[in-house]
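Subject: Structure handover

Hi,

Here is the structure I said I would pass on.

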Amino acid sequence: MLGQAAQAAEAKGDTGLAGAYRERAARTAKAVNDRLWDPAAGAYKVSPSDGNHPQDGNAMAVVAGVATGDRAASVLKFFGDRLADPHGDLTVDRAGGAVPQYISPFVSAQSLLAHSSQGDTA
């Protein structure tokens, strides 16, 4: 996470490196938002060619600050609306894409981080 790398560089007193990391973070966030955000689903796609929506990628977008404001809220809603299963959240909304559909405690932990990063601890 480039934002955290910027904070570490700043803590070490290297403002030039911190600025470079922040610029890369902004460029990366813009590219992800431009190429992977699916407004119809309210979540990020696996890739431009795979229209499925992964739990881990969406959670990481929130935690990394790529998804902010309404997009972050939309992703969290997507988890409950589209990934919730009686046995746990699914790794992706539809079977058959690049990401297999199953329940993963590790990936679900990423969702918990996303919820808590947005103050949603209920």
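This is a predicted model: local features need pLDDT of at least 70, side-chain atom pairs count only at pLDDT 80 or more; totals for chains, interfaces and linings use all residues.

**Aromatic rings**

How many aromatic pairs does a search of the whole structure find? The search gives one. The partners are Trp 37 and Tyr 44, with 4.8 Å from centre to centre and 70 degrees between the planes. The pair counts as edge-to-face because the angle is 70 degrees and the cut-off for that class is over 60. Trp 37 is buried, at a relative accessible area of 14%. Tyr 44 is buried as well, and its value is 2%.

**Helices H3 and H5**

H3 covers residues 55–63 and H5 covers residues 105–117. Their axes come within 8 Å and cross at roughly 30 degrees, which makes H3 roughly parallel to H5. The crossing of H3 past H5 is left-handed. On the H3 side, the contact is made by Gln 55, Asp 56, Ala 59, Val 62 and Val 63. H5 brings Val 107, Ser 108, Gln 110, Ser 111, Leu 113, Ala 114 and Ser 117 to it. Sorted by class, the contact between H3 and H5 has six nonpolar, five polar and one charged residues.

**Gln 55**

Leaving out residues up to four places away in sequence, Gln 55 touches Phe 79, Leu 83, Asp 89, Leu 90, Thr 91, Val 107, Ser 108 and Ser 111. Among these, Val 107, Ser 108 and Ser 111 also belong to the H5 side of the helix contact.

**Ala 95**

For a contrast, go to the loop between helix H4 (69–83) and H5, where Ala 95 lies. Ala 95 is exposed, with a relative accessible area of 58%. Which residues is Ala 95 in contact with, apart from its neighbours within four places in sequence? They are Asn 52 and Gln 101. Asn 52 is 43 residues from Ala 95 in sequence, while the two C-alpha atoms are 8.3 Å apart in space.

Best wishes

Key
Residues are numbered from 1 along each chain as its sequence is written. Side-chain values use heavy atoms; hydrogens and water are left out. Rings of Phe, Tyr and Trp (its six-membered ring) pair if their centres lie within 6.5 Å; planes under 30 degrees apart count as stacked, over 60 as edge-to-face and the rest as tilted. Buried means under 20% relative accessible area, exposed over 50%, partly exposed in between (1.4 Å probe, protein chains only). Axes are lines fitted to C-alpha atoms, for helices over the stretch in contact, and angles run from 0 to 180 degrees between N-to-C directions. Helices (H or I, at least four residues) and strands (E, at least two) are DSSP runs, numbered from the N terminus. Angles under 35 degrees count as roughly parallel, over 145 as roughly antiparallel, 65 to 115 as roughly perpendicular and the rest as oblique. A crossing is left-handed if the near helix is turned anticlockwise from the far one by less than a right angle, and right-handed if clockwise. Contact means heavy atoms within 4.5 Å. Ala, Val, Leu, Ile, Met, Phe, Trp, Tyr, Cys and Pro count as nonpolar, Asp, Glu, Lys and Arg as charged, and the others, Gly among them, as polar.
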